[in-house]
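Thanks for sending this one over.

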Amino acid sequence: MKKFFNDLSSLQLFVRNIDLQRDHLHCEQCSSGDFFVAHDFIYKKQHNGLKKIVGQRLFCSNRYGRKGCGSTFRLYLATIVPTLRYTALNISLFLKSLLDNNSIQKAYNVATNRDDPRNAYRWLNKLYHSLSRYRVSIKRFTETAPQQMHRRKLLRILLSTIYDLFNTTEYYSCTHYQQIVQEGFI
Ligand SMILES: [Zn+2]
């Protein structure tokens, strides 16, 4: 099922027309496409303290005579990273600044306008855990053999992978990755 949308209006259009799409939409839990109903919006507190709509839930309804399984699914805007308070743009800026050989602290400052880079190390840990997914994406576009991972430091491995991800594929930012791959960047 499509999970990331370019903007709120395309997400809302998708949800509004959910009944028309029952032939090719299937619940990940019960495989039925017949019982989806729109559920509540997902709000997220941004790093600036403001709350913003970032997505909407779909409900595989088991109420009022419907025979769904009761699961809910989250649909998101591709401009946000579901697991983070910062946006896909913040992460893209951070990574691009690291690729320009800036320090972690400087890159974090460029991306967020904040000085304390504690968060940056959290991001890096999450990014390290996503490395194999990025490599799968890169492999779809290139025949490049996997690099010698054991000799190189983790940050350098990450950055060369991110470089390849943004330069040898059609994913030139975190937002585009989420739009096309349909999974959270980290
Ligand atoms: Zn279901």
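1. Let me begin with the sheet. It is an open one of 4 strands, in the order E1-E4-E3-E2, with mixed pairing. Two strands pair here if DSSP finds at least two bridges between them. The edge strands are E1 (4-5) and E2 (36-45), each of which pairs on one side only.

2. A word on what you are looking at. This is a predicted model, in which local features need pLDDT of at least 70 and side-chain atom pairs count only at pLDDT 80 or more, while totals for chains, interfaces and linings use all residues. Residues are numbered from 1 along each chain as its sequence is written.

3. Now the overall layout. The protein chain has 6 helices and 4 strands, and along the sequence they follow the pattern β-α-β-β-β-α-α-α-α-α. Helices (H or I, at least four residues) and strands (E, at least two) are DSSP runs, numbered from the N terminus. Along the principal axes, the C-alpha atoms fill a box of roughly 60 × 40 × 25 Å.

4. Back to the strand pairs. E1 and E4 (residues 72-77) are parallel and share 2 bridges; Phe5 stands opposite Leu77 in E4. E2 and E3 run antiparallel and are joined by 8 bridges, with Ile53 in E3 as the bridge partner of Tyr43. The hairpin of E2 and E3 has 5 residues between the strands, and there Gly49 takes a positive phi near 90°.

5. Helix H1 (residues 8-16) lies across E1, E2, E3 (51-60) and E4, and runs at about 20° to E3. Axes are lines fitted to C-alpha atoms, for helices over the stretch in contact, and angles run from 0 to 180 degrees between N-to-C directions.

6. How do H2 and H6 pack, and at what angle? Helix H2 (residues 88-99) meets helix H6 (residues 174-181) at about 125°, with the axes 7 Å apart. That makes H2 oblique to H6 (angles under 35 degrees count as roughly parallel, over 145 as roughly antiparallel, 65 to 115 as roughly perpendicular and the rest as oblique). Ala88, Leu89, Ile91 and Ser92 in H2 are in contact with Cys174, Thr175 and Gln178 in H6, contact being C-beta atoms, placed from the backbone, within 7 Å.

7. On to the interior. Buried residues make up 25% of the 186 residues; a residue is buried if 20 or more other C-beta atoms lie within 10 Å of its own, exposed if 12 or fewer, and partly exposed in between, with C-beta atoms placed from the backbone. The largest nonpolar core has 36 residues, and Leu77, Val81, Ala88, Ile91, Phe94 and Phe185 have the most contacts inside it. Such a core is a set of buried Ala, Val, Leu, Ile, Met, Phe, Trp, Tyr and Cys residues joined through C-beta atoms within 7 Å. H4 (118-141) gives the most to this core, with 6 residues.

8. Gln178 in H6 is buried because 25 other C-beta atoms lie within 10 Å. Not counting residues up to four places away in sequence, Gln178 touches Phe4, Ala78, Ala88, Gly184 and Phe185. Arg156, in H5, counts as exposed because it has 11 C-beta neighbours inside 10 Å.

Conventions. Contact = placed C-beta atoms within 7 Å.
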